[in-house]
Amino acid sequence: MTELFEPAGEHDARLVLGADGLLGDLNRGGVLEAPDVHVARRLGELGGESDERVLAAVGLAVRAVRHGSVCVDLATVPQVAPALGWPEPAAWQAAVAGSPLLEAGAVRLEHGLLYLDRYHRLEEQVVADLRERAAQPPPVVDEPALAAAVARVRGGHLSSEQEEAAVRAVRRWTTVLTGGPGTGKTTTVARMLALVADQAAGAGRPLSIALSAPTGKAAARLQEAVLGELAGLPDRDRDQVGRVEAMTLHRLLGWLPDNTTRFRHDRGNRLKYDLVVVDESSMVELTMMARLLEAVRPQARLVLVGDPRQLTSVGAGAVLSDLVAGYDGQPDSPVVSLTHNYRSTEDIKALAEALRVGDADGVLAALRTDSPEVEFVETEDAAPVLREGLVHHALRVRQAAESGDARAATEVLDEHRLLCAHREGPHGVRHWNRLVEQWLGEETGVEIHSEWYAGRPLLVTANDYAVNVYNGETGVTVRRPDGRLRAVIAGSGGLLDLAPGRLDAIDTMHAMTIHKSQGSQAEEVTVLLPAADSRLLTRELFYTAVTRARSRLRVVGTEEAVRAAVAAQAQRATGLRQRLTDRRA
Ligand SMILES: Nc1ncnc2c1ncn2[C@@H]1O[C@H](COP(=O)(O)OP(=O)(O)OP(=O)(O)O)[C@@H](O)[C@H]1O
């Protein structure tokens, strides 16, 4: 797996003219890009540092953030390009440790990890805020009332681990609720709300609740799922919970114009809510988690929900998995885990479990079991194998769309998803979208020339508050009886019927990336594995793809690619886990 770039000639924009010394070598060697070099040079000038080894280390810290890490581990970073001439490790560490840049506070060195100051401060703040929340006296609990409320909301439908998790949120200011798809996280969150609301009602205080998630689609889905669960609870509990508002984290914290890292709500202007639930927390990057933690009132409950084994945030940090690992074994850990999957079939569960523990032979065995649920198509040439199934599905969507039946079209669309790791290349979404459209043309005798056609599956790629559609939502282009085409998006409030021209950020979705599929499931999923040397291919990516399937999963690729995926864990350098573990000492 490589994270290097191959300079495309001497005018490649990633190359810096005149970059010399180690910075220049790492730049030409495809490790450091132009912005990394520029920031390192600039900091060097400002801080009076000219040692090329230190400047290279700073450049690597900038690069680390671009790659999702919070800091750079100087001991292991030479592994990205072992052939280049790296400084001798001990002397390198010493040069960095003695740099005036450390004294000036521009960078920080801790446990051999070099940070840009901003990221060091964010990590420290996250731990300090979590610690402060935990150090307060716990919430006052009316035990008899709690026992009575648990009995009411259990409703024959709450396992003991779910019950324990729900009760934990009553007793603590902070709860981290983890579990894979279908483990009952929503079921549990709804009961948490009811139990906390009951305590508040007993004390004569109404409870204000915010449901939130990193994306609009995830927030809307959370609200819908929680309201669905609440509807099954006794009237009293449902009424006590009252109104719940769902919104993106950005909206919760309050956008500020022209500022992407600061929000209206912060330590000096806390959120009004008594209970804040954040779903899909694995997608929350370090900066956002820091802003959230400072904005939630110390005496408001915070519940972070997510699956730490899924893909991490696009931005730097791996906060949820760091919290789970860092608190592991600590007596006051806020982490509660749900382990039983109520939704997937046994064979998909077995595969997900083998992936979780990193057992490549087990993963291959699970893929090759004779099962109606899991199929492994071992080939490098997927097109001939997949053509029939993909065309059949696309034709069924098209048929419903041509007949104007929007509901049927969106339902048929959700029966199957083709997931790719990449956007570009022969295993990428763009290629497969084109391929399916070409096959459709051949099959129907009507070539697809225009962007909009009946049966075109749609993926919304950005939030659009004006028309109420959100990043990640899906839909179908449908023909109305008068012949006009309409874009029908399956939003949280039902189907939205829009003129195609009103949608700016929209993609065709005969195939979608695994990244975009996070937080959604389909009955049947086909995962197209990339080549074994793909730098995107990691265990987390494969796990995320596999767990999107409710009842049937087909994996297309080679044994080599499967083994490469299991072996490659998306390692992000962060110090958060260590910081949390250090507390134990
Ligand atoms: N204790 C239980 N007994 C039986 N069925 C359950 C139990 N808990 C949850 N379920 C069912 O399992 C399914 C998944 O539950 P839920 O939606 O709460 O899980 P989740 O973890 O939020 O899933 P996801 O995040 O994948 O949507 C639902 O159909 C739910 O009714």
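**Close-up views of a predicted chain and its ligand**

View 1. The model is predicted, so local features need pLDDT of at least 70 and side-chain atom pairs count only at pLDDT 80 or more, while totals for chains, interfaces and linings use all residues. Residues are numbered from 1 along each chain as its sequence is written, and side-chain values use heavy atoms, with hydrogens and water left out. T474 has a relative accessible area of 8%, so it counts as buried (buried is under 20%, exposed over 50%, partly exposed in between, with a 1.4 Å probe and protein chains only). Leaving aside neighbours within four places in sequence, T474 is in contact with L413, D414, R417, L458, L459, V488, I489, A490 and M509 (contact means heavy atoms within 4.5 Å).

**View 2. H393 belongs to helix α17 (residues 382–402).** H393 is another buried residue, at 12% relative accessible area. Residues up to four places away in sequence aside, H393 touches V412, L413, E415 and H416. L413 turns up here and in the list for T474 as well.

**View 3. R309 lies in the loop between β8 (301–306) and α14 (319–326).** With a relative accessible area of 30%, R309 is partly exposed. If we skip residues up to four places away in sequence, R309 touches G180, R356, E540 and Y543. The side chains of R309 and Y543 are joined by a polar contact of 3.4 Å (a pair of N or O atoms within 3.5 Å; within protein, one must be able to donate a hydrogen and the other to accept it, and residues adjacent in sequence count only if both atoms are side-chain atoms). As for D239, 70 residues from R309 in sequence, the C-alpha to C-alpha distance is 35 Å.

**View 4. The ligand is surrounded by 15 residues, the closest being K185, T186, T187, R221 and R343** (a residue is near a molecule if one of its heavy atoms lies within 4 Å of it). For G182, the distance from a polar backbone atom to a ligand oxygen is 3.0 Å, and for T183 it is 3.3 Å. Taken alone, the ligand exposes 630 Å², and the protein buries 75% of that (areas come from the Shrake-Rupley method with a 1.4 Å probe; for residues, only the protein chains shown count as cover). Helix α9 (residues 185–202) gives the largest share of the shell, three residues. By type, the shell splits into three nonpolar, nine polar and three charged residues (Ala, Val, Leu, Ile, Met, Phe, Trp, Tyr, Cys and Pro count as nonpolar, Asp, Glu, Lys and Arg as charged, and the others, Gly among them, as polar).

**View 5. P35 is part of helix α2 (residues 34–47).** P35 has 42% relative accessibility, so it counts as partly exposed. L367 is 332 residues away along the chain, and the two C-alpha atoms are separated by 43 Å. For scale, the C-alpha atoms of the chain fill a box of roughly 70 × 70 × 50 Å, taken along the principal axes. The chain as a whole has 23 helices and 19 strands, and buried residues make up 53% of its 585 residues.

Conventions. Helices (H or I, at least four residues) and strands (E, at least two) are DSSP runs, numbered from the N terminus.
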